[in-house]
Amino acid sequence: MNHSNGIALAVNFYRRQQNIPSLGWVLAVSGISGVLETLPILLSLPLIRTLFLNTEQVFLGSIQVKVVHYVLALLVLLLLRLFVGIYSQFLNASTRIQLLAHFRANSPQSERQRLKTVFGKSVQSINFLLVGWSQLLPGLLFSGAGLALFPEFGGIILGILLLWLVPMRVLKNRQDLAHEHVSMLQSALDENESITMDWRDARYKAARLDSVNKNLREFIIVSTLIVALFLSHALGLSFSDNSLLVILMLLRGMQQLFTAYIMAQQVSALRGFLKEYTH
């Protein structure tokens, strides 16, 4: 079963719950929060350039804005980011707390004992789902904008990333198998304590693969940017009409897409619990 099926199970689990905010609302808030997480960083770059050049106008393409007005607008955007970010994180946490409290208050004791781990892990998948969406939406938005503004450079980046697909796919498959093995041993642990050491070793292996994946992601992002810049220079591509803003837009978009991918893997690792609770 692939990531999309794990995500479908998490979405189905959420929609089956009652007395919680609609999935569309929490996705909208999470997505907007993710966009606002990156937007102030990118919009700060034209201001930095203006201050270094000691000019009175901030240039955004063909648009000119006075420094004072630009700073005020940026501060308003940061305040908006603060309030939306606080609300988004609280909405995520409060929804999961409400689900856990409802389960404890309305489930028979025998069912609570039998399904507490399964339900808890299923609720945890909602956190990964929302965090992943908060990175996927801005990742697509900023990567797409960067590709549109500088398609040659974006094409080189995509070409390099395609080369990474094979090793990343192999690593993903190993992660999936490791987490499936952990889930299988976890389910049998209460009935057979003799497999405790096997469960421990399986957890170690899964954690090691998770660590490799996370740190490899950062290596891929930075090395791809460096190699793409070198190849662009070697091929004689002109950067005169493309500011640092576009390059960082692509870099940030890539980072958020990779983070969304990691969150999808986390959801996928919990699909055994989601399937068990659903059925």
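User: In this structure, why does Ser33 count as buried?

Analyst: The model is a predicted one. Burial is read from relative accessibility, with under 20% as the cut-off for buried. Ser33 has 9% relative accessibility and therefore counts as buried. The residue belongs to helix H2.

User: Which residues is Ser33 in contact with, leaving aside its neighbours within four places in sequence?

Analyst: Ser33 is in contact with Arg81, Val84, Gly85 and Ser88. With Arg81, the side chain of Ser33 also makes a polar contact of 3.1 Å.

User: What distance does H3 reach from its first C-alpha to its last?

Analyst: Helix H3 covers residues 67-106, 40 residues in number, and reaches 58 Å, close to the 58 Å expected at 1.5 Å a residue.

User: Which residues touch the most other members of the largest nonpolar core?

Analyst: In soluble globular proteins, nonpolar side chains tend to be buried together. Here the largest nonpolar core has 26 residues, and Phe13, Tyr14, Val26, Leu99, Phe119 and Ile126 touch the most other members. Two or more residues come from each of helix H1 (3-16), helix H2 (23-53), H3, helix H4 (109-149), helix H7 (244-269) and helix H8 (271-278). H4 gives the most, eight residues. Another core, of 17 residues, lies apart from this one and includes Phe153, Ala228, Ile247 and Leu250.

User: Is Ser122 buried or exposed?

Analyst: Ser122, in helix H4, counts as buried because its relative accessibility is 0%. Separation in sequence and separation in space may be read side by side for this residue. Ser122 and Gly272 are 150 residues apart in sequence, while their C-alpha atoms are 9.2 Å apart in space.

User: What volume does the largest pocket have, and which residues lie nearest its centre?

Analyst: Rolling a probe the size of a water molecule over the atoms shows where empty space is left. In this model, the largest pocket has a volume of about 520 Å³. Its lining comprises 21 residues, with Leu161, Leu165, Leu257, Phe258 and Tyr261 nearest the centre. H4, helix H5 (151-189) and H7 each supply at least two lining residues, and the largest share, nine residues, comes from H5.

Methods:
Residues numbered from 1 in each chain as written. Predicted model: local features only at pLDDT ≥ 70, side-chain atom pairs only at ≥ 80, totals over all residues. Heavy atoms only, no water. Helix = DSSP H or I, 4+ residues; strand = E, 2+ residues; numbered from the N terminus. Expected span 1.5 Å × (residues − 1). Core = buried A, V, L, I, M, F, W, Y, C linked by side-chain atoms within 4.5 Å. Buried < 20%, exposed > 50% of the residue type's maximum accessible area, 1.4 Å probe, protein only. Polar contact = N/O pair within 3.5 Å; in protein donor to acceptor, adjacent residues only side chain to side chain. Contact = heavy atoms within 4.5 Å. 1 Å grid on protein atoms, 1.4 Å probe; cavity = no way out; pocket = protein on both sides within 12 Å on 5 of 7 lines; lining within 4 Å. Points joined across faces, edges and corners; volume = space filled by probe spheres on them.
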